[in-house]
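Here are a few exercises to work through with the model open in your viewer. Try each task before you read its solution.

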Amino acid sequence: MAFFGNQFSDVVEWEEFRDDMIFWKWTNKEIKKGSRLIIRPGQDAIFLNNGKIEGIFEQEGEYDIVSEIVPFLSTLKGFRFGFNSGMRVEVLFVNTKEFTVKWGTKSPINIPAPQLPGGMPIRANGTFHFKVNDYVNLIDKVAGVKQSYLVEDVQLRITARLDQLLMKWITREGKDMFNLQSNAHEIGQGIQDDLNMEIMDDGMKVTGFQVMSFNYPKEIQDMINKSASHGMVGDVSKYQQISVADAMGKSTGSNTASDMAGMMMGMNIAKEMMDGQKESAGASKQPGGGSAASAGNTGKQQGPNFCPNCGEKVSGAKFCPNCGQKLVE
């Protein structure tokens with residue numbers, strides 16, 4: 001018997017389709033002779049009788065239920081519409097698309113790290129994808145007791161498990177705790193496998209799980225950035241030049257003596273280091289690996305500019321004009 005007596009329905013359809021709704025159940029109505037079924041793109045229609053599947057219809061279109069649907073139902077083939085009575089069934093409309101959901105940790109997760117006794121607080125965010133893949137389990141575990149089911153319901157269930165799974169897979173796959181992004185794919189794959197075990201009994205499957213970024217505390221991120229910048233520079237002299245340029249940029253608009261002194265000091269240090277590099281480069285160009293100075297020993301020997309005995313300026317003379325010290329052997 002029907003719940004609403006002679007209140008029949010001419011059209012069986014998902015009247016208020018929503019992209020964020022996983023399924024919606026057409027129920028508590030009778031189907032009379034002449035009723036039609038409408039299946040829209042991205043929908044499957046499942047006829048239920050006493051909670052059991054009678055038939056699944058996946059092809060979009062409009063159908064006459066008596067002539068085109070009932071003959072394919074498993075146990076209702078012998079059903080005959082009476083003049084004043086209808087057929088009491090439920091129709092479950094399922095959204096067949098793949099859903100994409102954004103996720104993010106609500107609070108930092110303390111990941112064990114050898115370098116930090118208290119652990120490293122990390123946040124993460126990304127996306128995951130899922131879809132319905134088993135109608136039997138979906139009806140047994142979810143649709144049997146619910147009128148509809150939203151993406152939000154699955155999102156809440158999955159995010160409740162994420163903190164634990166992130167800690168598990170970051171610890172297992174994150175060999176470099178300061179560069180977790182390099183292991184993001186392996187971490188995401190491990191979490192996806194675990195989440196599948198979580199929701200497969202409900203007739204759904206996680207088809208993808210991505211970690212878009214890991215976020216460290218500001219102090220640690222600053223340290224990572226500084227280390228990366230050192231690595232990109234490659235050698236100390238270039239780093240010194242970059243530091244001088246930074247100092248010059250910071251001193252723009254400031255006339256303080258300390259800013260100018262710091263800039264000049266940096267420029268002098270950079271010049272000395274660059275001169276040192278030039279001398280080393282010149283030495284390496286001599287035959288046999290000898291220095292320019294040693295190569296010059298094969299020619300005429302030059303005297304000193306100052307006397308080593310009295311300090312008088314001698315300008316390359318062989319004897320000191322002040323004390324008579326011999327300057328060239």
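**Exercise 1. Find how β4 pairs with strand β8 and with β5.**

Step 1. Strand β8 (residues 90–95) pairs with β4 in the antiparallel sense over six bridges. Helices (H or I, at least four residues) and strands (E, at least two) are DSSP runs numbered from the N terminus, and two strands pair if DSSP finds at least two bridges between them. Leu48 has Glu90 as its bridge partner in β8.

Step 2. Now go to β5: five bridges join β4 to this strand, again antiparallel, and Asn49 is bridged to Lys52. The hairpin of β4 and β5 has two residues between the strands, and Asn50 takes a positive phi near 55° there.

Step 3. Check burial, where buried means under 20% relative accessible area, exposed over 50%, and partly exposed in between (1.4 Å probe, protein chains only). Six of the seven residues of β4 (residues 43–49) are buried, so the strand is largely enclosed by the rest of the structure.

A note on the ground rules: this is a predicted model, so local features need pLDDT of at least 70 and side-chain atom pairs count only at pLDDT 80 or more, while totals for chains, interfaces and linings use all residues. Residues are numbered from 1 along each chain as its sequence is written, and side-chain values use heavy atoms, with hydrogens and water left out.

**Exercise 2. Locate the largest nonpolar core.**

Step 1. Such a core is a set of buried Ala, Val, Leu, Ile, Met, Phe, Trp, Tyr and Cys residues joined through side-chain atoms within 4.5 Å. Of its 46 residues, Ile22, Phe23, Phe130, Ile191 and Phe214 touch the most other members.

Step 2. The largest share, eight residues, comes from α3. Domain 1 (11–95) and domain 2 (99–220) both contribute, so this core lies between them; the bounds come from an automatic or database domain assignment.

Step 3. A second, separate core has 19 residues, including Ile31, Leu37, Phe47 and Ile69.

**Exercise 3. Is Glu30 buried or exposed?**

Step 1. Glu30 sits in strand β3 (residues 30–39). At 7% relative accessibility, Glu30 counts as buried.

Step 2. Arg88 is 58 residues away from Glu30 in sequence, yet their C-alpha atoms are 4.9 Å apart.

**Exercise 4. Which stretches have pLDDT below or under 50?**

Step 1. pLDDT is the predictor's confidence in each residue, from 0 to 100. The chain mean is 77, with 67% of residues at 70 or more.

Step 2. The pLDDT is below 50 over residues 1–8 and stays under 50 over residues 289–299. Where pLDDT is low, the predicted coordinates should not be read in detail.

Key. Contact = heavy atoms within 4.5 Å.
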